[in-house]
Amino acid sequence: MKTRKLILIIADLLLLALVVVQGIAKARDGVKNFKLDESPNEITITTPAETIKLSCQDEKWFINDQKYPALDYSVESIVESISSIRALDKVASVNENNLIKYELVAGKKITVEAKKDGKLLRSIEIGKSASSSSQSYITIDGGNNIYLASGSLRNTFDTSVKSLRSNTVWSYDANTLSSISIKKADGSEWGLTRVGSGDQTSWTISLPDTEVDSEKAKSFLESLAKLTASNWYADDVNADALGGELFLTVKLGHTFEIATLDIYKKAAQSDDEEDTYYAKSSESPYLFELSSYMAEKFNKNIEDVTK
């Protein structure tokens, strides 16, 4: 075999070996899956704007020390994102320049800690999104590597108390609603009661010698099964400070309990404005805004449910 040919063969073998070694190294620094064996019941999210503390009690999630009820689907997305992280590649080691480059610094990064009964399960620092918004640069559990992670982690965790807070004031099974009484600002008052269910349902109304239209009554009562706020006021705001006049006082019977609701109305000050409504309820310690649609759902007359 000629020397020149032998040299070419050896060079090819060396090149092949180098490719194999690089492939192995690349595989080691490639996709990594970080999965939790336990599900957290405490999550702290620190964004550049605020710190949010989520806690789970009796399978329900609450926000901060005020225990605001949280949106179930939003917290489920957060827990899922924490519990399984797919790192597509190691892009750099942790040092000052790289932390700045990938926005993993104070004022820009988002820090997440997940705990189970006080034990730290996972910590994540999330920097900027990649050119694809479905990828972000992160560090995991205080490690020395910066990873490119799949999934829109930046969007998931760049959130706020307002975004995570549930706007539900009450939500009942419509079939458990048994009565409604409504008192208006002029002092007039009427009430409706349902007994039984299905074909055995009977209705009574506060006006004597008046026949209830069972379909209208059922539709009205069950339309009140869910009440949502359009916005929550700050905890230190009270009804007196907001002005307006008492519009309706409502008592809704459900499963042997009574939920109360006081609705206030602020009349429009000009033709360019609309009337606004706010309310307080026995089902929440917090004052809240109501849409005009939601407020008017309760503003019914006895004629609306009778024949």
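Guide: Welcome! Ala, Val, Leu, Ile, Met, Phe, Trp, Tyr, Cys and Pro count as nonpolar, Asp, Glu, Lys and Arg as charged, and the others, Gly among them, as polar. This is a predicted model, where local features need pLDDT of at least 70 and side-chain atom pairs count only at pLDDT 80 or more, while totals for chains, interfaces and linings use all residues. Residues are numbered from 1 along each chain, and side-chain values use heavy atoms, leaving out hydrogens and water.

Visitor: How do the residues in the lining of the second largest pocket divide into nonpolar, polar and charged?

Guide: By those classes, three are nonpolar, nine polar and four charged. A pocket is an open set of points on a 1 Å grid where a 1.4 Å probe fits, with protein on both sides within 12 Å along at least five of seven lines, and lining residues have an atom within 4 Å of a point. This one holds about 330 Å³, a volume being the space filled by probe spheres set on the points. Of its 16 lining residues, the closest to the centre include Arg194 and Thr201. Helix H6 (214–222) is one of the elements giving two or more residues, and its four make the largest share.

Visitor: What is the volume of the largest pocket, and which residues are closest to its centre?

Guide: The volume is about 450 Å³. Lys60, Phe62, Pro69, Ser166 and Thr168 are the closest to its centre, out of 17 lining residues. That lining has nine nonpolar, three polar and five charged residues.

Visitor: How many aromatic pairs are there?

Guide: There are 11, counting rings of Phe, Tyr and Trp (its six-membered ring) with centres within 6.5 Å; planes under 30 degrees apart are stacked, over 60 edge-to-face, the rest tilted.

Visitor: Why is the pair of tyrosine 68 and tyrosine 286 called edge-to-face?

Guide: Their centres are 5.1 Å apart and their planes stand at 65°, so the pair is edge-to-face. Tyrosine 68 is in strand S5 and tyrosine 286 in strand S20, 218 residues apart. Both are buried, that is, under 20% relative accessible area with a 1.4 Å probe.

Visitor: And what makes phenylalanine 247 and tyrosine 277 a tilted pair?

Guide: Here the planes are at 55° with centres 5.4 Å apart, so the pair is tilted.

Visitor: Where does the charged end of arginine 165 sit?

Guide: That end sits over the ring of tyrosine 68, 3.8 Å from its centre, and also over the ring of tyrosine 286, at 4.9 Å. The rule asks for CZ of Arg (or NZ of Lys) within 6 Å of the ring centre and within 35 degrees of the ring normal.

How values were computed:
Buried < 20%, exposed > 50% of the residue type's maximum accessible area, 1.4 Å probe, protein only.
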